[in-house]
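Work through the following exercises with the sequence and the model in view, trying each task before reading its solution.

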Amino acid sequence: MRPSRLSAWLAFAGAWSTAFSVSSAATSVSPAVLSATTDLLDAGHILHFLDIVDAFGHVSVRNPDNLSEFFMSFSLAPALATSQSIITYEINNATALSLTFNTSVTGANIPAGFAERFIHSELYKAFPDVQGVVHSHTTEVLPFAGANVPLKAQMHTAGSIGTQGTPIFDTGKLPTSILPENQPHDTLIRTAVLGDALARSFSSDSGVVLMKGHGMAVRGSSVRDAVFRSFYTLQDAKVQFQATLLGGSTGLTPREAQDGANTTESTSLLGRAWQLWVAQVDTAGLYVNDLRASTAPASAS
């Protein structure tokens, strides 16, 4: 979609969203999809509030009603996403099917998606247990990838980082069969082939891959889990950097990291973090989750 068409669409979506009600959303999709997409909007807002993403970066969630699909907003700053920016994608080749809450919008009428949607599609394809994916350009992790120094779990809340060291994905080392010379060498994951290469770089020890000169990709058992892991990867990078200045740190033992992840990513403790983060974005003034009654605009009379 051209910029002028996108601007027109955003204006239309904003007006439509003002008249949109939570009750109408609840009747247009299943309860499971409504829950997943509500979390998806909260996730984008939380990631921005916590300084994990800015105007760039994206988050997605697998469709609980159809595991061959996922939900993600069209190309838009995560902080500004609403129900009317969510697209239903087919995991196979990241094909946009329709707007999730306006299924009459299909094909060329769907606003342009993120160029790097293949990060999400290929991770869902490679890992059936993954239900949420975050990609960010978080500044704190960039020095580690640039210096070829893997992150290791330094604290119990970052146990999912693992203790063997996060893989570091470097597009500059890819063969031309994956990144041909006639394609942009801007570190972006623009194709399914590149997305597959990134997915293959994940290790069983870590839910995070650092991306040299770019950022990180994070997988989770839910979109909430992916956000939690993203935030504590940022915090872990700060701790590891400071520990290095003090003479180095071996980090956690494998048992400590695994048990820490099991504890802090449990439903109870993950829910505690999520409750706080949602309360923070609800009162921040910028973010609107029109799938939740607490922040939905009033219905038009």
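**Exercise 1.** Find the elements against which the buried residues of α6 pack.

Solution. The buried residues of α6 pack against α4 (117-126), β6, β7 (208-211) and β8 (215-220), where contact means heavy atoms within 4.5 Å. Those buried residues are Leu194, Gly195, Ala197, Leu198 and Ala199, and buried means under 20% relative accessible area, with a 1.4 Å probe and protein chains only. This is a predicted model, in which local features need pLDDT of at least 70 and side-chain atom pairs count only at pLDDT 80 or more, while totals for chains, interfaces and linings use all residues. Residues are numbered from 1 along each chain as its sequence is written, and side-chain values use heavy atoms, with hydrogens and water left out.

**Exercise 2.** Decide whether Asp170 is buried or exposed.

Solution. Begin by locating Asp170 in the loop between β6 (168-169) and α6 (192-200). Its relative accessibility is 16%, and therefore Asp170 counts as buried. A polar atom of the Asp170 side chain lies 2.9 Å from the backbone nitrogen of Gly172.

**Exercise 3.** Describe how α3 and α9 are oriented to each other.

Solution. Helix α3 (residues 31-49) and helix α9 (residues 267-282) pack at an angle of about 75°, with their axes 9 Å apart. The two helices are therefore roughly perpendicular to each other, a term that covers angles of 65 to 115 degrees. Among the residues making the contact are Phe49 of α3 and Trp274 of α9. As for α3 itself, 14 of its 19 residues are buried, and just after this helix Asp51 takes a positive phi of about 65°.

Terms used
Helix = DSSP H or I, 4+ residues; strand = E, 2+ residues; numbered from the N terminus. Buried < 20%, exposed > 50% of the residue type's maximum accessible area, 1.4 Å probe, protein only. Polar contact = N/O pair within 3.5 Å; in protein donor to acceptor, adjacent residues only side chain to side chain. Axes fitted to C-alpha atoms, helices over the stretch in contact; angles between N-to-C directions. Parallel < 35°, antiparallel > 145°, perpendicular 65-115°, else oblique.
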